[in-house]
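Subject: Handover of a structure, with notes

Dear colleague,

Please find below the structure that I am handing over to you. My notes on it follow directly after.

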Amino acid sequence: MMETNPYNKVEALKIGYKVEDILNDTDSKLKIHSIFEHAINLKDHSDWIITLLPENYSAGPQTVILTQEGFAEFKSLGFKVMDICDFRNLINTENAITFTGRTIDESTLKGITRIHRNIGYFESILFQRGNKGGLLGESSIYSKYAAPIIAEIKDSFAQGKYEQAADNILELIGLGPGLTPSGDDFILGILTTFKFCLVTQDIVCDLTKKIINEARTRTNIISYNMLRQGAMGGFPEWVEDMAFSIICGNSEDIDMAFSKILRIGSSSGSDISAGMLFGLKLIARRLCDDF
C-alpha cells in the first residue's frame, strides 16, 4: 500500500478530543475497519474507533472532519479493509479546531418552567417529523419489542432501583439493524440527558459501568464505541446541541438542533431524540425537587 507524501497531507478541519489519545497509544498506526460512502472507520488495538467524515457531518469525540476534497483524496488512496495506515503521515491535524464538547452548570437547570415547556415542544416536533422506523412511535417491530423493557426501566427508576434500571436498559443494546442499532441510539439519548441534567453518580454509575464492561458483546464495534464514549460523557456535537437547546434554549434553537440531529443516520437521529425525551421525562420530577 502506497501512502501519500508527508508533505502533501490531507488537512483536518475539526478533530475530536479523544483522537489524540488514541493516536498516541498506537503510534498513529491504525487498521482500516470499514469504508462507506461518507465515512471511514479506523481501529486501534483496543477497539477504539476513529471515524473520518467529510465536512457538514457532526463532529464527535472520536471523529476527524475533513474537507469534501480531502475526504475524497483519502478514499482515492485505495485502502482496503484490514489495511494498516499511518494516520499522522496522511492527515495533518495541527491547524484543526478541537471539538471539546459542551458543559453545563447548575444555574442553567433552575429554569424549570422553560425546560418543561421545551420538553413539550420537543416531543411534538419529534412525533411530527421523526423517523418512526425504530423505537419512536408504536408501529415498528422494534418499538413493540422494546415497549415492555422501557416500561420496566421507568418502573425501576421510579422506585429508586437504579441498578435494576441499568440492567433493564442493557436489554435494549443491539436491538435493531444498522451500524448503530435503534436500541443503542435510544440509550445514547438517555445518557445525554443524564449528563446535561447533571444526574448524580449514585444514579448513573451502575449504568455507565455496565455499558463500558458489557456492551461490547451485545452490539457491533462501531456502536460500542458510541456507547462507551457516551458512558464516559462524550457525545456527537449535534446530539449535545439538541440536549442543550432543550435545557437552555427556545423553540427556534430546538428547531435548528432537531434539523441537524435528524441528519444522523437513517433513523438514528430520531432514536437518539426518543431516548433523550424518555430520559428527560424520567428525571423531570427530580429536577423540580432539586431546584
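Is G160 buried, partly exposed or exposed? With a relative accessible area of 36%, G160 is partly exposed; buried means under 20% relative accessible area, exposed over 50%, and partly exposed in between, with a 1.4 Å probe and protein chains only. G160 lies in the loop between α5 and α6; helices here are DSSP runs of H or I with at least four residues, strands are DSSP runs of E with at least two, and both are numbered from the N terminus. From G160 to I203 the separation is 43 residues in sequence and 8.4 Å in space, C-alpha to C-alpha.

Some remarks on the basis of these notes are in order. This is a predicted model, in which local features need pLDDT of at least 70 and side-chain atom pairs count only at pLDDT 80 or more, while totals for chains, interfaces and linings use all residues. Residues are numbered from 1 along each chain as its sequence is written, and side-chain values use heavy atoms, with hydrogens and water left out.

Confidence

The average pLDDT of the chain is 92, and 95% of the residues score at least 70; pLDDT is the predictor's confidence in each residue, from 0 to 100. Over residues 1-7, pLDDT stays under 50, and the model has 14 contacts for this stretch beyond four places in sequence. A contact here means heavy atoms within 4.5 Å. Where pLDDT is low, the predicted coordinates should not be read in detail.

Nonpolar cores

A nonpolar core is a set of buried Ala, Val, Leu, Ile, Met, Phe, Trp, Tyr and Cys residues joined through side-chain atoms within 4.5 Å. The largest one comprises 57 residues, and L172, F194, I211, M242 and M276 have the most contacts inside it. The element that gives the most to this core is helix α12 (residues 268-290), with eight residues. In soluble globular proteins, nonpolar side chains tend to be buried together.

Leaving aside neighbours within four places in sequence, M242 is in contact with F122, I254, A257, F258, I261 and M276.

Packing of α4 and α10

Two packed helices are described by the angle between their axes and the distance between the axes. For helix α4 (residues 112-129) and helix α10 (residues 237-248), the angle is about 130° and the axes are 7 Å apart. Axes are lines fitted to C-alpha atoms, for helices over the stretch in contact, and angles run from 0 to 180 degrees between N-to-C directions. The two helices are therefore oblique to each other: angles under 35 degrees count as roughly parallel, over 145 as roughly antiparallel, 65 to 115 as roughly perpendicular and the rest as oblique.

On the α4 side the contact is made by R114, I115, N118, I119 and F122, and on the α10 side by M242, S245, I246, I247 and C248. By class, this contact has seven nonpolar, two polar and one charged residues; Ala, Val, Leu, Ile, Met, Phe, Trp, Tyr, Cys and Pro count as nonpolar, Asp, Glu, Lys and Arg as charged, and the others, Gly among them, as polar.

Individual residues

F157 lies in helix α5 and is buried, with a relative accessible area of 9%. Not counting residues up to four places away in sequence, F157 touches Y162, A165, F194, I203, L282 and I283. Q159, in the loop between α5 and α6, is exposed at 51%.

N41 lies in strand β3 (residues 39-43) and counts as buried, at 3% relative accessibility. Among the residues that N41 touches, not counting those up to four places away in sequence, are K31, I32, I49, I50 and I222.

E138 is found in the loop between α4 and α5 (141-158) and counts as exposed, at 70% relative accessibility. Not counting residues up to four places away in sequence, E138 touches S143 and K144.

Most residues other than glycine have a negative phi, and most peptide bonds are trans. D27 has a positive phi, near 55°, and its place is in the loop between α1 (19-26) and β2 (29-36). M82 also has a positive phi, of about 85°, and its place is in the loop between α2 (68-75) and β6 (84-86). D27 counts as exposed at 57% relative accessibility, and M82 counts as exposed at 54%.

With kind regards
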